[in-house]
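Biologist: I would like to learn how to read a model like this one, feature by feature. Please start with a single residue and its contacts.

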Amino acid sequence: MKKMSIKAVAETLKISTATVSYILNGKAKEKRISDELTKRVLAYVEENNFKPNHLAKSLRTGKTNVIGLIVEDIADPFFASVAGNIETIAYENGYKIIYSSTKNDTVKAKELINTFRERNVDGYIITPTENLESEISQLIKSGLPVVLFDRNCTDIEVSYVGMDNFESSYKAAKYLVNHGYKNIAFVTLDSPQAQMIDRLLGYEKAVYEKRIPSIVKKFEYNSAKVNNITNDIGQFLEENPAIDAIFFATNYLAIRGIEMMNRAGIKIGKGMGVMVFDDNDLFRIHQPSISAIAQPIEEMSKQLINTLLEHMENADKYLAKEYILPASIVVRDSTTKI
């Protein structure tokens with residue numbers, strides 16, 4: 001069956017395309033179109049199951065009421081929680097969300113931005129990969145509102161919502177030091193991303209202040225995400241038998257490490273202290289429960305969507321804003337040193 005268009009409706013009823021458009025967009029009375037003609041057009045489109053082309057409508061109005069959300073991995077509990085909160089607030093304000101994951105791939109991130117531009121989304125919330133500054137700058141120059149989160153691009157004037165990774169990591173590592181742990185390992189990603197560097201530096205500062213050794217193990221991003229690295233973590237512990245606590249820089253690294261320790265019979269909380277950056281329900285229900293840095297997901301989500309909505313309401317003047325929110329340390333059984 002041939003797809004019907006506004007032009008086809010107008011030609012069949014022998015009226016202008018503008019008249020059809022006004023009626024379908026609820027502007028018949030405003031444009032003083034008669035009730036009789038309005039009923040005739042509506043009856044015809046209903047009879048023929050006609051649905052207006054939303055892209056065409058967006059080109060006429062300049063709005064789609066759709067927001068593009070681009071994150072590292074929508075399946076990750078942190079990003080999924082933020083997305084869920086954003087979607088709720090956006091819907092309350094008349095907007096829908098399109099999600100996509102970059103998998104930390106810059107080429108894919110650029111392709112997603114181009115795809116969202118083709119779909120004419122009204123605004124962007126982005127967790128940027130490396131080397132994405134040019135694309136983000138181009139969005140802003142084109143008058144498209146953008147807010148970054150989790151990672152910032154410090155070389156461009158762009159709004160950002162995130163947390164203080166350095167201070168949060170420092171406080172968590174300092175907590176371990178102050179509770180008697182002498183050989184604290186930091187398991188992280190070998191990444192140039194600012195948030196990962198800040199987490200490492202926070203740990204380094206805490207152990208340096210107490211003059212205890214820095215013990216760092218780094219994994220490649222793709223290896224940590226895709227491969228089973230439990231054996232590698234086990235080997236790392238075998239090579240460093242003095243380790244009495246591990247601070248994991250991400251929750252998925254922690255899950256791999258906890259799996260290894262459970263399998264090896266290492267007693268978490270008694271034989272080995274464990275701290276994780278980024279809380280997860282799994283850490284709350286695990287026995288023993290796992291101490292973690294809890295990111296302010298609800299507050300972050302509200303600030304993200306409200307900042308973007310503010311930019312969309314003032315699209316003619318983009319003034320970059322930065323919001324750094326505090327995290328909290330949730331102390332559980334895994335850091336009770338005996």
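Modeller: Take N251. Leaving out residues up to four places away in sequence, N251 touches D76, V276, F277, D278, D279, N280 and F283. Contact means heavy atoms within 4.5 Å. N251 lies in helix α12 (residues 251-264). Helices (H or I, at least four residues) and strands (E, at least two) are DSSP runs, numbered from the N terminus.

Biologist: What should I know about the model and its numbering?

Modeller: The model is predicted: local features need pLDDT of at least 70, side-chain atom pairs count only at pLDDT 80 or more, and totals for chains, interfaces and linings use all residues. Residues are numbered from 1 along each chain as its sequence is written, and side-chain values use heavy atoms, with hydrogens and water left out.

Biologist: Is N251 buried or exposed?

Modeller: Buried means under 20% relative accessible area, exposed over 50%, partly exposed in between (1.4 Å probe, protein chains only). N251 has a relative accessible area of 3%, so it is buried. Compare K182, in the loop between α8 (165-178) and β6 (184-189). K182 has a relative accessible area of 53%, so it is exposed.

Biologist: What does K182 touch?

Modeller: Its contacts are I212, P213 and D244, again without residues up to four places away in sequence. K182 and D244 are 62 residues apart along the chain, yet their C-alpha atoms are separated by 6.9 Å.

Biologist: Now a helix. How do I check the length of α5?

Modeller: The expected span is 1.5 Å times one less than the number of residues. Helix α5 (residues 77-92) has 16 residues and should span 22 Å; its end C-alpha atoms are 23 Å apart, which agrees.

Biologist: Which residues of α5 are buried?

Modeller: First the general idea. An α-helix has 3.6 residues a turn, so residues three or four places apart point the same way. In α5, the buried residues are F78, F79, V82, A83, I86, I89 and A90. They cover an arc of only 135° around the axis, so they sit on the same side of α5. The arc is that of the directions from the helix axis to the C-beta atoms. On the other side of α5, Y91 and E92 are exposed. G84, also in α5, has 33% relative accessibility and counts as partly exposed.

Biologist: What covers the buried residues of α5?

Modeller: The cover includes β1 (66-71), β2 (96-101), β3 (123-126), β4 (146-149) and α14 (297-313).

Biologist: And what is found at the start of α5 and just after it?

Modeller: At the start, look for a polar contact: a pair of N or O atoms within 3.5 Å; within protein, one must be able to donate a hydrogen and the other to accept it, and residues adjacent in sequence count only if both atoms are side-chain atoms. Here a side-chain oxygen of D76 comes within 2.9 Å of the backbone nitrogen of F78. Just after α5, G94 has a positive phi of about 85°.

Biologist: Next, sheets. What is the order of strands in the sheet with parallel pairing?

Modeller: Two strands pair if DSSP finds at least two bridges between them. This open sheet of six strands runs β2-β1-β3-β4-β5-β11. Its edge strands, β2 and β11 (322-325), each pair on one side only. The twist averages 15° from one strand to the next. Axes are lines fitted to C-alpha atoms, for helices over the stretch in contact, and angles run from 0 to 180 degrees between N-to-C directions. Six bridges link β1 and β2 in the parallel sense. L69 stands opposite Y99 in β2. Helix α7 (residues 133-141) packs on the sheet, touching β3 and β4, and its direction makes about 150° with that of β4.

Biologist: Which strands form the edges of the sheet with mixed pairing?

Modeller: That open sheet of six strands has the order β7-β6-β8-β9-β10-β12. The edges are β7 (215-219) and β12 (328-330), each pairing on one side only. β10 (residues 291-294) and β12 run antiparallel, joined by three bridges. The bridge partner of I293 is I329 in β12.

Biologist: Where is there a cis peptide bond?

Modeller: It joins Q287 and P288, with omega about 0°. P288 lies in the loop between α13 (281-285) and β10.
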